[in-house]
Amino acid sequence: MPAARPKKESVSASPPSDDGHLKDSHAENSKSKRKRQSQSCDACRARKVRCARENAEDPKTSCRHCITLGIPCTYDYQPKKRGPPNLYLRRLQEAAAAAAANNGSQEGASEAEPQSATASSPPQHLHISPIIQPKSPTAFLESSLNPQPAVPSVPLPPSRYPIAADTYHPHNFPPPPSAHHTHSSPPYSGPRSADPSSNGNGLLHGPVSSPKTEDSPYSQDAYGNYPPVFNAWSYGKQQHQPVIPLPPPQQVPPLSYYYRPRRLEEIAPRDTISLIIALFFDFVYPLTPCVHKPSFMADLHARREERDPLFFALVMSTVASTLVQVPRSYVPLERPVVRKLAQTCHEASRHITIASYDPPTSAHVVIRYFDCIYHFCEGHDATQHAAFGEAAHIAITLRLHEEASYEGLDPIECEVRRRIFWLLFGADKSMSILLGRPISLRDEDCTVHFPKELDDEYITPSAYLPQPHGKTAIVSGLNYISRIFALLGEILVRIRVDKRSPPQGQFATARLEEVQSLHQRIMSALSHTPEPLRAKPLHNQQSEYGGAGFRQATFAEVKDFFDNPNASRVNALNPFLVMQANLYVTQQLVRFVIDQYRDELILSLHGQIDEQKVAEDREAVASDLLNILHSIPIQSIATNGPSLVHKVRFVASTLLDAVRKAETAPASAARAHAYLWDFLSILSEIERNYLLDDDRDGTSSADGIGIMG
């Protein structure tokens, strides 16, 4: 190669004259034509050797190699044209052949078809695809415009809580287009008015025609098998068989159709929506303060939803999550109507948000968090975790866990982002301990600060105003419980790491010291809470906790709270009493988890453990939890909803199992656990009243046996 470069340079440096160059080129061309070798025979081509013939111009003469080997010398090979195939020419030829075949079929001349196809067909060496079906080039488009039969729907058994997907499950393929079909499904006509017989999504979906009774050639048999045309499909066979026409796509509106301004009156009367929003700020907002009340209400009054589809979705998710969290007596609607309205609002929000992920905003995180609450209360476990996963990943995409990402944002946006992140952080730890799931948001990855302890009216788009002296901000409850969940995250990380690689020797001793330090921190986590959040001390009065009188009185109070619209709501409307129940129950939950792991470490280090000390610790947890539950009004506990019940049930069930297994447990511990289990039946009655299911409305009893069984 290096020797070739100077040769090229020398030629280019001294080019010959034009006349000499033309003469030389003509001489070279004539010389190459005289010396050009004709096509090699098939045998020499296969052996890749030079084909030597005496007369190169006569292809009938045998070459020397074939004569020597005594084999026939043939020239059957047809050289292919170099370069890509001429697709344009192929399309023209196929179109001409299809047009000729179509004309022949219209004239009714049965013998004209093969002649026209033969006359217009190109040579074989062009490898033109065979004409499989005599159809014009626009036949597929014409078939999509023809009336199509409706897709048959097969009813499926309803789930525990029916959703929109339960009402539409196409099971069979639609039959191919044919002139004999006269039934047609109407085109998509946009939103329609609500129908009492629908499942709550009539505002979002077009009409669906009734199922056809004709048998489809693509339908399954009695055993769920498709016909052999689908099971025994192969490319080689299909080259020689007629192609079954595919049905045209159904008319499905694009996602962008749903992302448009809407009016609240399309879902429910505006007064009803306003009432539900007021219930949200009275009962739900203290536990989930993830919207800015002044700006939210101002936008709602200005009908921002008619200009901003995402705000409409936020309102819908807020309404849906509120309807499943407030006592049913607070909403002046029948339970089936409430359930249907909540489902319709959730679906309206979902249709809009799936078409507006880019760019993500904090409103997307809030909406998905509300969706997570809605599915949790409705019992859609898998959908709940999917909604939480979306909320957590959008939050990470927005870098809500990094304090540096808040620079340059206005105060309202900053506080909304901080609040929704710490709500997700706490929900992540709750699901991890109660359901045994991995942690998604780890404390060591988070640098974001806690929200500022200011009420919403002191947070403006341009500045933070000072909180009046002596007035406790509602968001302070979120800050304290976030600190508790941060401690829970620390112990859960250590438990998971040690489970994979158990510590030994001095590492186990160091781990035990860390766990004991966490125990001290959780016990003092609420020692500096402001006065409104501080639980009132209650002396140990276990002799008054149990008994049929206490149980019946408490059940009557719970029933009055949920069923009587005129019942007193003073305790339920006190946000700090509601937050007290959540704070102190969560503290005892984390304390119990830490005590359990501390005992496991002591047992692994010393090989034995003081059973008396363990029983005393369990009795202390049960007594403290009982004191908390009895020091807070039952209306405030009931306002927390099913999430608080799950926490108490987790502690009570584990404690009761420990007492049953311990032979030396003191009688006081057994009595405390029995009282706690009895109180849990009351909490289960509270949980049952949040279900929007009329079938289970009359199954409760005063002693709670039907619930716990």
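Mentor: Let us begin with Ser482, which is found in helix H18 (residues 476-500). Helices (H or I, at least four residues) and strands (E, at least two) are DSSP runs, numbered from the N terminus. This is a predicted model, in which local features need pLDDT of at least 70 and side-chain atom pairs count only at pLDDT 80 or more, while totals for chains, interfaces and linings use all residues. Residues are numbered from 1 along each chain as its sequence is written, and side-chain values use heavy atoms, with hydrogens and water left out.

Trainee: Is Ser482 buried or exposed?

Mentor: Buried means under 20% relative accessible area, exposed over 50%, and partly exposed in between (1.4 Å probe, protein chains only). Ser482 has a relative accessible area of 1%, so it is buried.

Trainee: What does the side chain of Ser482 reach, and which residues does Ser482 touch?

Mentor: A polar contact is a pair of N or O atoms within 3.5 Å; within protein, one must be able to donate a hydrogen and the other to accept it, and residues adjacent in sequence count only if both atoms are side-chain atoms. Here the side chain of Ser482 reaches the backbone oxygen of Leu478 at 2.7 Å. Contact in general means heavy atoms within 4.5 Å. Not counting residues up to four places away in sequence, Ser482 touches Trp422, Phe425 and Phe450.

Trainee: How many helices and strands does the protein chain have?

Mentor: The secondary structure comes to 26 helices and 0 strands. Of the 709 residues in the protein chain, 41% are buried.

Trainee: How does one check the span of a helix, for example H21?

Mentor: The expected span is 1.5 Å times one less than the number of residues. Helix H21 (residues 575-606) has 32 residues and should therefore span 46 Å; its end C-alpha atoms are 47 Å apart, which agrees. Of these 32 residues, 25 are buried. At the start of H21, a side-chain oxygen of Asn574 comes to within 3.1 Å of the backbone nitrogen of Phe576. After H21 comes Gly607, with a positive phi near 80°.

Trainee: Which residues touch the most other members of the largest nonpolar core?

Mentor: A nonpolar core is a set of buried Ala, Val, Leu, Ile, Met, Phe, Trp, Tyr and Cys residues joined through side-chain atoms within 4.5 Å. The largest one has 132 residues, and those touching the most other members are Val315, Met316, Val365, Phe370, Ile491 and Ile637. H21 supplies the largest share of this core, 13 residues. Another core, of 7 residues, lies apart from it and includes Cys41, Cys44, Cys51 and Cys66.

Trainee: What should I look for in the backbone angles?

Mentor: Most residues other than glycine have a negative phi, and most peptide bonds are trans. Lys48, however, has a positive phi near 60°. Lys48 lies in the loop between helix H3 (42-47) and helix H4 (64-69), and it is exposed, with a relative accessible area of 75%. Arg303 also has a positive phi, of about 55°; Arg303 is in the loop between helix H12 (293-301) and H13.

Trainee: Which peptide bond is cis?

Mentor: The bond from Asp358 to Pro359 is cis, with omega near -5°. Pro359 is found in the loop between H14 and helix H15 (362-378).
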